[in-house]
Amino acid sequence: MRALKKMTDKSVFGLFVIALALSFASCQQKETAKVDTFPDGTPIPAWFSDTTKIDPSTLGKMYSIADFGAVADDSTMNTVAIQQLIDSVSANGGGVIAVPQGTFRSGAIFFKPGTHLHVEKGGMLKGSDDIADYPIMPSRMEGQNLDYFPALVNAYNVPGFTITGEGTIDGNGKKYWEAFWQRRKENPKCTNLEVSRPRLVFIWGCDSIQLQDVKLHNSGFWTTHLYQCNYAKLLDLNIFAPKEPVPAPSSDALDLDVCSNVLVRGCYMSVNDDAIAMKGGKGPWADEDPNNGPNENILIENNTYGFCHSTFTCGSESVHTKNVLVRNCTVEGVSRVIFLKMRPDTPQKYEFITLDGISGTARTGIYIRPWRQFFDLQGRETPPISSSENITFRNFNLKCEKFTEVGLTEYDRLENITFEDMTIEAGSATLDTSLIKNFVVKNVMVNGEPFLQ
């Protein structure tokens, strides 16, 4: 009987071990099966997790601009030499246009199918500060298609276009900034387009593109503008424009304009305007214009922000932004963490946006206000309805002057807004919850006290 009991005890113990192992395996399977999702619950495709850097040597033969007539003396205008090289390389099967060590000045250059840009460490492509070197042509600016100045680096309909290297593309923008502030002094209501200024990088209608490692500095206007692009990766960029002594006006780090499937990862951004802004169209009938459209499926992660007006902004020219996930980012003295610009003359829908894992310092955390600059109903009698819904703020560890600043017009809607797992130090933390339909607060502490309790 004693032997039988020992066998029974061993059997029970064995079954327990097997059950424990099966349970552990089941947990592992569940963990493995866990799918990363966008805010609307749809799976984030594997494409977003592939952050492999492009080796420019795999893109074709490399052509140094210094071998084809470009001079690195920071004064010679190399526009013609560089453009002729781009055109020739494109016509002969493609390759990589390389900027070697030294400072090469240029006006607007246009990359063609099969060509790429590589800026070597110690190399600089420096923009001309004479607007005559940027000939007016069909373009896109501030939510409208129009004839305007191109950027320093342009790519129109160049699938697979890449910018690589550890060098610098510099807009040499000081002269343009000074002209803008002088005009604003003469006419405080002047528009951004009244003063002739070039962007730094403009990419239009290009799919499967990648920008990595380069420094994008001192743009005369917007720094990086992507329009109608699908599948774009921006990895480990350093984007900068000063706030002093001469502030760089409208120097947005990245403007996404009717784009889908975009990854922005590991970048440093510090500019005298918004860091990442969702564009897409403006005006009372903007949603009916085929040139306009949504930005959707955007993943912004592991970035660091120096001074900027807002790390993430919807507007001021945006008709639809959907499925944006901003996570694991550090803010260092930014004006606002998020700014939802509710433009009274434009129908807008901002939906399924999540900010998760934001830490650092800001003047204001969450800022949602009407944006009336250059307001124009164009004869429409009643302003269109705009809405922001299914917006989640989670895992904030933030020190700020104001936690929230929210205001709406009668034509704006806020719905399904969630604050969750946040630790905030703030000089003030008031919020009119009557402005929000279905407002949820979970484990939010402000100055050591539960928020809104």
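**A cavity and a helix**

In this predicted model, the largest cavity is lined by Ile366, Ile368, Phe393, Val406, Leu414, Ile417, Phe419 and Ile436.

Me: How many cavities of 30 Å³ or more does a search of the whole structure find?
Reply: The search finds one. The largest cavity holds about 40 Å³ of space.

Me: And how is such empty space found?
Reply: A probe the size of a water molecule is rolled over the atoms, which shows where empty space is left.

Me: What classes of residue are in the lining?
Reply: The lining of the largest cavity has eight nonpolar residues, with no polar and no charged ones.

Me: Which strands supply at least two residues each?
Reply: They are β26 (349–370), β27 (386–406) and β28 (412–428).

Me: Which gives the most?
Reply: Strand β28 does, with three residues.

Me: Let us turn to helix α2. How many residues has it, and how far does it reach?
Reply: Helix α2 covers residues 79–91, which is 13 residues. From first C-alpha to last it reaches 18 Å, close to the 18 Å expected at 1.5 Å a residue.

Me: Which of its residues are buried?
Reply: The buried residues of α2 are Thr79, Ala81, Ile82, Gln83, Leu85, Ile86 and Val89.

Me: Why might residues three or four places apart point the same way?
Reply: An α-helix has 3.6 residues a turn, so residues at that spacing point the same way.

Me: What do the buried residues of α2 pack against?
Reply: They pack against β1 (62–64), β2 (95–99), β3 (102–106), β4 (109–111), β5 (115–119) and β6 (123–127).

Me: And what comes just after α2?
Reply: Gly93 is found there, with a positive phi of about 100°.

Notes: Residues are numbered from 1 along each chain as its sequence is written. This is a predicted model: local features need pLDDT of at least 70, side-chain atom pairs count only at pLDDT 80 or more; totals for chains, interfaces and linings use all residues. Side-chain values use heavy atoms; hydrogens and water are left out. Helices (H or I, at least four residues) and strands (E, at least two) are DSSP runs, numbered from the N terminus. The expected span of a helix is 1.5 Å times one less than its number of residues. Buried means under 20% relative accessible area, exposed over 50%, partly exposed in between (1.4 Å probe, protein chains only). Contact means heavy atoms within 4.5 Å. On a 1 Å grid over the protein atoms alone, a cavity is a set of points where a 1.4 Å probe fits but cannot get out, and a pocket is an open set with protein on both sides within 12 Å along at least five of seven lines; lining residues have an atom within 4 Å of a point. Grid points are joined across faces, edges and corners, and a volume is the space filled by probe spheres set on the points. Ala, Val, Leu, Ile, Met, Phe, Trp, Tyr, Cys and Pro count as nonpolar, Asp, Glu, Lys and Arg as charged, and the others, Gly among them, as polar.
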